[in-house]
Amino acid sequence: MTTLITGADGYLGSRLAAALAATDDLVLAVRAADNAELNRKRAKLAHLPGAEVVPADLRDGDPFAYVDPRRITRIVHAAALIRFDLDETTAEQVNVAGTARVRDFALRCDRLDRLVFLSTLYAAGRRRGEVREERLADAGFVNHYEWSKWAAEEVLLDADLPLTVLRLPTVIAEDGSGEIGQFNVFHHTLRLFHRGLLTLVPGDPATPLSLATAEFTVDAVGALLAADPGIYHVCGGALPLGTVIDAAFTVFEQDPVFQRRMLPRPVPCDRAAFLDLADAAQRLRGGALQPALPSMLPFAEQLYLPKTFRTDRLRAAWPAHAGPDRPDPVAVVTAASRALVAGLAGPVERRSHAAAR
């Protein structure tokens, strides 16, 4: 079994490579501007025995020129730009046109058994209510990132390929310990609350949020590589937005630094009020709020579009996902919030926080 992983040095790509290294011959595709960057990435992945690291830029006309299609039996397409503030041109060039190049290469792989595409639950866009594990019509999108992942799904679903689409949740921690391996909109928003820079919660407190650990997500990909092709929602259980905020603030309120600020818990607000706040913040020059706004604002509108993701196919293909060893989602949010607070503290505050626990 020879598996090609795109974006193999990325957050999930590198963890998937490590998980598959014991069973698969790996071809790890990474983007590198020159030989020096390629050598750095090869050194980063050197702990994977026998893995071949090759350059592949999805913006190139033939990104897989260094890969023999006759060798490849499985492809995991993990490479993407995943920022919510992506501009339309960049999102199209990398996430959509780049996926089309993966498709074209896959069609040349005569021994291909499976192409797995890592998508997002938010390919559902602006739709509300129940979302099934099936092909989705264009319902409009909150940002260009969501659109690009939906469009990339369409590129692949129109091809005659043994395709598995995995719509992934927001990863907020490495595992049940709460260790944070990569910051995203979840962490940036909680930091604003902790610092008192954001006093309103955008969205309906009842809006479900699908949050997960990297461990759960990687385990799901590994299990579904062997399942029937199709579309799967990789959800371990959603939490209402209000529950997430309560869990985070329960942690914050045990932090001596936060206690000294004497901040109340934030108040939910409607969409118009939040947009007014965001507009005012964007017109202010400097300040700690501005750098965080680009990651938060393009996603905030989703919190006014409640949706639930059906997992019938996931549960049938991977019954263990609901087993007793799966971390409780509230416990994961709590652990990630503790890790976030510890990371924000200076040396004195860390010692104080540790003593308070």
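First, the ground rules. This is a predicted model, in which local features need pLDDT of at least 70, side-chain atom pairs count only at pLDDT 80 or more, and totals for chains, interfaces and linings use all residues. Residues are numbered from 1 along each chain as its sequence is written, and side-chain values use heavy atoms, with hydrogens and water left out.

Helices (H or I, at least four residues) and strands (E, at least two) are DSSP runs, numbered from the N terminus. Two strands pair if DSSP finds at least two bridges between them.

Strand E1 covers residues 2-6, and five of its five residues are buried, meaning under 20% relative accessible area with a 1.4 Å probe, protein chains only. Thr2, Leu4 and Thr6 point one way, Thr3 and Ile5 the other.

Which strands does E1 pair with? One is E2, residues 25-30, parallel over five bridges, with threonine 3 opposite leucine 26. From E1 the chain crosses through helix H1, residues 11-20, to E2, and this β-α-β crossover is right-handed: with the strands pointing away from the viewer, the path from the first strand over the helix to the second runs clockwise. Another is E4, residues 74-77, parallel through four bridges; here leucine 4 stands opposite isoleucine 75.

Now the other set. An open sheet of three strands has the order E8-E10-E12, with mixed pairing. Its edge strands are E8 (170-173) and E12 (238-240), each pairing on one side only. E10, residues 208-213, runs antiparallel to E12, with three bridges between them; proline 208 has proline 240 as its bridge partner in E12.

Definitions and conventions. Buried means under 20% relative accessible area, exposed over 50%, partly exposed in between (1.4 Å probe, protein chains only).
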